[in-house]
Amino acid sequence: MNPLAAPAERSFRNRQDKYDERRVQLAESALATLGELGYARTSLREIAQNSPFSHGVVHYYFKNKTELILHCVRYYKSRCMTRYDEIVDSASTADELRRGFADKLLETLRTEAPMHRLWYDLRNQAMFDPELREDVSAIDNGLCDMIDRVLTRYAELSDAAPRYDRNVAYSMLDGIFLAALLEHLIERDARTEAGETDDASATGASDRLRDKAFTLLPDLVAAP
């Protein structure tokens with residue numbers, strides 16, 4: 001055995017860990033700018049201007065805007081994909097899971113609207129940019145798995161079976177969420193322009209999303 005191999009391997013891992021850590025830091029810093037401006041209107045230089053990092057540093061870790069944005073969205077969505085797992089694991093009745101899921105949907109719409117807007121922007125851009133398609137498809141599949149875990153557990157607690165194919169059920173909930181997001185942004189902007197001082201994130205659209213999800217969930221399962 002080469003006695004130098006282990007230290008060399010540790011040194012490589014340390015460098016790689018530091019490199020990965022810096023990419024995560026850049027992603028966290030860039031997400032706010034990307035969520036506000038979107039894919040088309042954001043450049044690496046603009047991201048650098050709105051972060052503690054120089055343009056040269058950003059360009060060192062990411063060769064172009066597409067690579068950075070994909071890394072940002074993968075990083076954000078990897079956290080999102082476990083958002084409902086605690087609810088799924090802790091719910092002891094179908095009604096408890098149903099209420100917890102609907103409440104969590106409302107919370108994420110109110111607190112993370114810019115990030116969801118960036119995701120839908122990127123998903124639309126994948127229709128035109130082949131570089132984005134593989135990663136966007138992988139993220140979409142991960143989100144489908146996330147919803148499938150919710151519905152599978154809800155069906156078990158309801159002594160029922162899923163009524164639809166997992167992709168169909170995901171598409172239905174995703175469509176409801178996308179429509180609610182647009183309504184939420186319109187309401188939020190209108191309240192901000194009107195100079196309202198209360199929490200602009202607490203929109204009627206988010207309340208309606210919770211109600212729709214709460215109503216829809218039983219329709220997605222059927223008694224065997």
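**Close-up 1. Contacts of Thr66 in the predicted model.** Setting aside neighbours within four places in sequence, Thr66 touches Tyr39, Asp129, Glu131 and Leu132. Thr66 belongs to helix α4, which covers residues 65–80. Its relative accessible area is 10%, so Thr66 counts as buried, the cut-off being under 20%.

**Close-up 2. Lys63 in the loop between α3 and α4.** Helix α3 spans 55–61, and Lys63 sits in the loop between α3 and α4. Lys63 is exposed because its relative accessibility is 60%, and the cut-off for exposed is over 50%. Leu44 lies 19 residues from Lys63 in sequence. In space, the C-alpha atoms of Lys63 and Leu44 are 9.5 Å apart.

**Close-up 3. The largest nonpolar core.** This core holds 65 residues. Leu68, Phe101 and Leu122 have the most contacts inside it. Helix α8 (residues 130–157) is the top contributor, giving 11 residues to this core. Nonpolar side chains tend to be buried together in soluble globular proteins.

**Close-up 4. Surroundings of Leu122.** With neighbours within four places in sequence left out, Leu122 is in contact with Tyr39, Ile69, Leu70, Val73, Leu132 and Val136.

**Close-up 5. Helix α10 and its cover.** Helix α10 runs over residues 204–216, 13 residues in total. From first C-alpha to last, α10 reaches 18 Å, close to the 18 Å expected at 1.5 Å a residue. Its buried residues are Ala205, Ser206, Leu209, Ala213, Phe214 and Leu216. Helices α6 (94–111) and α9 (166–193) are among the elements that cover them.

Technical notes. Residues numbered from 1 in each chain as written. Predicted model: local features only at pLDDT ≥ 70, side-chain atom pairs only at ≥ 80, totals over all residues. Heavy atoms only, no water. Helix = DSSP H or I, 4+ residues; strand = E, 2+ residues; numbered from the N terminus. Buried < 20%, exposed > 50% of the residue type's maximum accessible area, 1.4 Å probe, protein only. Contact = heavy atoms within 4.5 Å. Core = buried A, V, L, I, M, F, W, Y, C linked by side-chain atoms within 4.5 Å. Expected span 1.5 Å × (residues − 1).
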